[in-house]
Amino acid sequence: MQPPASGRTRAPRRRTLALPLLAVGLLLSIALSLSLGSVPVSPAQLWQIATGGDAGVAGDVVLGLRLPRVLAAAACGGLLALAGALMQVLLRNPLADPYVLGISGGASVGALLAMTAGLAGALFELSAFAGALAAMALVFGLAHGEGGRTPTRLLLTGVIVSAGCGAAVSFMLTVANEQSLRGMLFWLMGDAGVAAPPAAALWALAIGVLVCVPLARDLNLLARGDLTAQTLGVPVLRLRLAIYLIASALTAVAVTTVGAVGFVGLVVPHLMRLALGNDQRLLLPASALAGALLLLLADTAARTVIAPAQLPVGVLTALLGVPVFLFLLHRRQ
Amino acid sequence: MSTAPPLLVARGVSVGIDGRTLCATLDLDIRPGEMLAVIGRNGIGKSTVLSTLAGLRAPLAGALTLDGMPIGSMAPRALARRRALLPQSHEDAFASTVLDTVLVGRHPHIGRWSDDSAHDVQVAFDAMARVSLTGFEARDVRTLSGGERQRVAIAALLAQDAPLCLLDEPVTHLDLDYQMDTLSLFAGMAHDEGRAVVAVLHDLNQVLRFCDRVLLLTGGGEWVCGAVDAVLQPDTLSRAFCHPLRELRDGARRYFVPA
């Protein structure tokens with residue numbers, strides 16, 4: 001039997017154009033986000049700043065205030081979407097997200113403990129990160145059993161650890177004083193306004209993409225089941241462990257930087273899978289770019305729509321994410 | 001019986017799970033050109049023995065070699081080019097076309113950084129044609145019937161193009177005509193293409209018709225292995241399957257029916 005003339009049943013052009021288009025879109029949104037705000041900055045001024053010229057107050061606003069926030073939002077969007085795509089393969093469940101194994105719960109407990117103790121800056125971030133790692137270790141340690149850490153066992157352990165963290169968070173909110181309560185709520189919803197410096201998130205994203213893309217072919221097989229993957233030469237146990245640790249670490253860095261922003265890690269890999277198919281070699285980098293784009297646009301909206309007041313970006317991503325997700329789910333049935 | 005050097009050799013191999021021995025000190029040579037059936041009651045360990053022979057699970061004791069090399073020390077990808085395993089069930093968590101699912105079988109032949117070549121696609125299309133899936137290539141595997149999905153899995157196994165094929169219930173879910181076609185296909189792969197085929201089967205009459213040798217697991221770690229005509233005798237089978245079986249003859253052909 002002859003293959004059809006087109007060779008493959010996929011749409012190759014859409015696949016090759018996806019990454020460049022997303023990258024251009026991301027650059028444009030960075031420019032847009034840098035120019036919007038209480039001090040409007042024109043494209044000409046942006047160009048002047050980018051090329052090292054002196055743009056006065058506009059230069060200080062763009063470089064000192066907006067750029068760190070823009071980079072933090074974009075990097076964390078990329079981290080969450082990449083981690084979400086990895087978790088969906090690891091758990092072989094398209095409804096998994098980066099928080100499903102309790103990472104955000106652990107980070108929240110760490111962050112709120114730090115706030116209760118009055119810690120700020122690097123100590124606060126360290127506490128949130130330690131919380132995320134503790135939850136990760138707890139889930140990983142408890143999910144072991146006959147047949148290894150199966151998707152179901154990981155998922156159940158993660159859900160229970162998350163529930164425990166939720167209870168601890170509720171307790172701390174109940175006993176918190178009025179001044180810290182607002183900060184805690186914003187952090188829990190995800191807020192790029194008080195983002196940590198973006199360097200760690202940018203490094204984590206770069207390393208994450210560089211480590212995961214070479215694993216993508218093996219991940220394509222893992223998505224089809226452990227036995228199939230193992231039979232076809234994938235070192236399944238090692239790969240599952242690596243993916244679990246990478247996805248958890250990426251999530252921990254993102255949550256430490258901008259808080260527990262929801263839905264990016266769930267919706268973005270989903271949208272990319274619908275548009276581009278389930279080839280992880282394309283899906284992983286596309287999710288990272290699209291996640292960066294989405295969280296950046298959401299954060300730009302969060303600080304401009306009701307200016308001078310600001311929304312926590314997690315509220316916007318959830319408001320966008322819930323209807324989009326319900327629509328996708330409904331269409332699939 | 002084939003005289004070629006054996007592909008897979010088991011010497012004193014014991015297989016067990018959860019402290020239960022399923023198959024004790026198994027000695028078995030599997031040669032190119034033969035089709036071996038694995039039979040026995042439900043839960044007696046047929047699948048576990050098969051995945052041990054596939055090198056996916058370490059035996060409790062004994063030595064297992066493929067092409068003369070200890071199977072446990074082979075690199076996973078190199079092993080995947082030499083032996084294929086058809087699993088009993090198939091997971092489809094994500095959408096995938098039939099063509100992409102069949103191409104998965106080419107994975108061990110494709111380098112980490114390369115894409116499927118025109119040759120790989122041709123192999124996949126040929127494999128689909130052999131199981132009557134022509135025209136199915138763009139279908140989503142999640143929309144297929146159980147029997148169609150099973151044939152997709154068989155096509156993926158054919159695309160893997162391994163000299164040793166281990167099949168866990170290859171004809172489950174299949175209509176009678178496809179059962180016969182599939183078993184003829186595998187018998188042909190053994191007898192004409194010189195591959196070795198090991199299949200877990202349930203229908204004794206299919207074993208009589210298509211297989212050369214049989215490994216019968218009788219529980220408690222005991223087993224019988226030999227030529228089909230020698231092992232498939234009414235008294236042996238009646239004991240192994242806990243139900244009396246009668247043998248009917250039609251010329252040279254033998255059939256077993258429950259008494």
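What percentage of the 333 residues of chain A count as buried? The figure is 49%. The legends below describe views of a predicted model.

**View 1. Confidence scores of the predicted model.** The model carries an ipTM of 0.87 and a pTM of 0.87. In chain B, the average pLDDT is 92. A score of at least 70 is reached by 99% of the residues of chain B. Where pLDDT is low, predicted coordinates should not be read in detail.

View 2. Chain A contains 14 helices and 0 strands. Along the sequence, the pattern reads α-α-α-α-α-α-α-α-α-α-α-α-α-α. The radius of gyration of chain A is 21 Å, close to the 20 Å given by the globule rule for 333 residues, so chain A is as compact as a globular protein of that length. Along the principal axes, the C-alpha atoms of chain A fill a box of roughly 70 × 55 × 35 Å. Take the contacts in chain A between residues at least 6 apart in sequence: 75% of them join residues at least 24 apart.

View 3. Helix H11 of chain A spans residues 236–258 and includes Ser248(A). Is Ser248(A) buried or exposed? Ser248(A) has 25 other C-beta atoms within 10 Å; the cut-off for burial is 20 or more, so Ser248(A) is buried. Neighbours within four places in sequence are left aside here. Beyond them, Ser248(A) is in contact with Leu101(A), Ile103(A) and Met136(A). Val41(A) lies 207 residues from Ser248(A) along the chain. The C-alpha atoms of Val41(A) and Ser248(A) are separated by 38 Å.

**View 4. The open sheet of chain B.** In chain B, 4 strands make up an open sheet. Their order is S2-S1-S4-S5, with antiparallel pairing. Which strands sit at the edges? They are S2 (20–30) and S5 (69–70) of chain B, each of which pairs on one side only.

**View 5. The S4–S5 pairing in chain B.** Strand S4 of chain B covers residues 61–66. How many bridges join S4(B) to S5(B)? There are 2, and the two strands run antiparallel.

**View 6. Helix H1 across the strands of chain B.** Helix H1 of chain B is formed by residues 46–53. H1(B) lies across strands S1 (8–17) and S2 of chain B. Relative to S1(B), the helix runs at about 135°.

Conventions:
Residues are numbered from 1 along each chain as its sequence is written. Chains are lettered from A and ligands numbered from 1 in the order in which they are written. This is a predicted model: local features need pLDDT of at least 70, side-chain atom pairs count only at pLDDT 80 or more; totals for chains, interfaces and linings use all residues. Two strands pair if DSSP finds at least two bridges between them. Two residues are in contact if their C-beta atoms, placed from the backbone, lie within 7 Å. Axes are lines fitted to C-alpha atoms, for helices over the stretch in contact, and angles run from 0 to 180 degrees between N-to-C directions. pLDDT is the predictor's confidence in each residue, from 0 to 100. The radius of gyration is taken over C-alpha atoms; the globule rule is 2.2 Å times the number of residues to the power 0.38. A residue is buried if 20 or more other C-beta atoms lie within 10 Å of its own, exposed if 12 or fewer, and partly exposed in between; C-beta atoms are placed from the backbone.
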